[in-house]
Amino acid sequence: MRIIIYTGKGGVGKTSMAAASACKIAGSGKKVLIMSTDQAHSLGDSFDMEIGKEETKVTENLYALEVDTVYESEKSWGNMKDYFKELLTLKGGSGIEVEELLVFPGLEELFSMFKILDVYESAIYDTIIVDCAPTGETLSLLKYPERLSGFIEKILPIKRIGVKTVGKVVESAMKIPMPGDNVFDDIEYLMDKMKRLQNLMLDKQVVSLRVVTTPEKIVISEAKRNFTCLYLYHYNVDAIIVNHVYPQAAMEGYFNKWVQAQEEALQEIGRSFSEVPRFYVELQKSEIRTLDVLRELGEQIFAECDPDDILFAKEIYEVDRKERILRIYLPFADKEELCLEQVQRELTVGVRNEKRRFPIPPEFAGGEIEGAKFEDGYLHIRFSPLICS
């Protein structure tokens, strides 16, 4: 099975590109599900039909759904939600405000990811196409499982032991109910699910991300930032799709001044993403809507390749055992925006306002960071030799 995720700045045409890809793959005979995790769903508009929270048949081999995070959350954390609701209503009664407080930051993104995992594990489809929210929300969606699972893994055992040993005393003195085993069971279930999700998303034989952009300076800049952050989190970007390219015939008269601006933008895309396959989509003569239009567009974009293939893969980490150097690929990063920190057996690498923690490779365990430099798109981290006592 393949999972192909489309991301990019709002308004660049992610939904149209994702839908066209789904039509092309379904036309080859594979069973495809296209799903939208964007809360401002437009998948139904693209296919010109009603699409809801459950799989809807679009045509032969092609199904679609728009993820309803409220519906998914009700299925995912029943006992925990009941416990938190009990705490919140202990003194002040119940009401709509309590329900709003129970929507914690990040949970909606997590439940969207769980839906992807559920569909994948059901093994019903050959390919899953994901139409994601704009860039910032997509990054939140992709990094949330790793961050939350790490937190729960460290805190959960301590909290469970604490409740069992002193919970009754606290409950009696403070008049606050302690969570029962069913609450911890739910947390452990979610933690296990997050681990499966994290393993799946980092499997480059299954998951590919495709960045959609337009030939405009501002949009290209965001595509570069997006590309860097995705590599920071070890995701595989296997294609760049450049949408809204003006045909030469349209660049006459009023639009003549756009010729040079577009040409410069296209050259920058070619230089910046030289290693990654690039697909150029001309501005269409009509609105990209309805199944027939999407099928035709899919044939145009992927005329010379199969969109279900892994179109590109690059090793993000390189370990040089002899020189004791770890190299991390961070394309488009600026040296001034990088930060690096070691805390015991973990590294924290930051680019701008994005940070990621990951374990130090076993080859360098016990060593300390001796130096670091950034060149040719790689962060080179040198570790000191292991000192044996």
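Author: Start with burial. Buried means under 20% relative accessible area, exposed means over 50%, and partly exposed lies in between (1.4 Å probe, protein chains only). This is a predicted model: local features need pLDDT of at least 70, side-chain atom pairs count only at pLDDT 80 or more, and totals for chains, interfaces and linings use all residues. Residues are numbered from 1 along each chain as its sequence is written, and side-chain values use heavy atoms, with hydrogens and water left out.

Reader: Which residues are buried in helix α11?

Author: Leu291, Leu294, Leu297, Gly298 and Ile301 are buried in α11, which spans residues 291-301. Helices (H or I, at least four residues) and strands (E, at least two) are DSSP runs, numbered from the N terminus.

Reader: What puts these residues on the same side of α11?

Author: Their arc around the axis is only 125°, so they share one side of α11. The arc is that of the directions from the helix axis to the C-beta atoms.

Reader: What do the buried residues of α11 pack against?

Author: They pack against α1 (14-27), α2 (43-47), β3 (56-59), β4 (62-66) and β8 (278-282). Contact here means heavy atoms within 4.5 Å.

Reader: Why is His380 called buried?

Author: Its relative accessible area is 14%, and the limit is under 20%, so His380 is buried. His380 lies in strand β15 (residues 378-383).

Reader: What joins the side chains of His380 and Arg327?

Author: A polar contact of 3.1 Å joins them. The term asks for a pair of N or O atoms within 3.5 Å; within protein, one must be able to donate a hydrogen and the other to accept it, and residues adjacent in sequence count only if both atoms are side-chain atoms. His380 also touches other residues, including Ile325, Leu326 and Gly371.

Reader: Why is the pair of Phe227 and Tyr231 called tilted?

Author: Rings of Phe, Tyr and Trp (its six-membered ring) pair if their centres lie within 6.5 Å; planes under 30 degrees apart count as stacked, over 60 as edge-to-face and the rest as tilted. By this rule the count comes to 10 aromatic pairs. Phe227 and Tyr231 have ring centres 4.9 Å apart and planes at 45°, so their pair is tilted. The two are four residues apart in helix α9 (residues 217-232), which means about one helical turn separates them. Phe227 is buried at 3%, and Tyr231 is buried at 1%.

Reader: How do you know that the charged end of Lys31 sits over the ring of Tyr125?

Author: A charge sits over a ring if NZ of Lys or CZ of Arg is within 6 Å of the ring centre and within 35 degrees of the ring normal. Lys31 passes, at 5.3 Å from the centre of the Tyr125 ring. Lys314 lies over the face of Tyr329, at 4.8 Å from the ring centre.

Reader: Is Ala123 buried or exposed?

Author: Ala123 has a relative accessible area of 57%, so the cut-off of over 50% makes Ala123 exposed. Ala123 lies in the loop between α6 (107-122) and β5 (127-131). Ala123 has a positive phi of about 60° although it is not a glycine.

Notes: Lists of a residue's contacts leave out its neighbours within four places in sequence.
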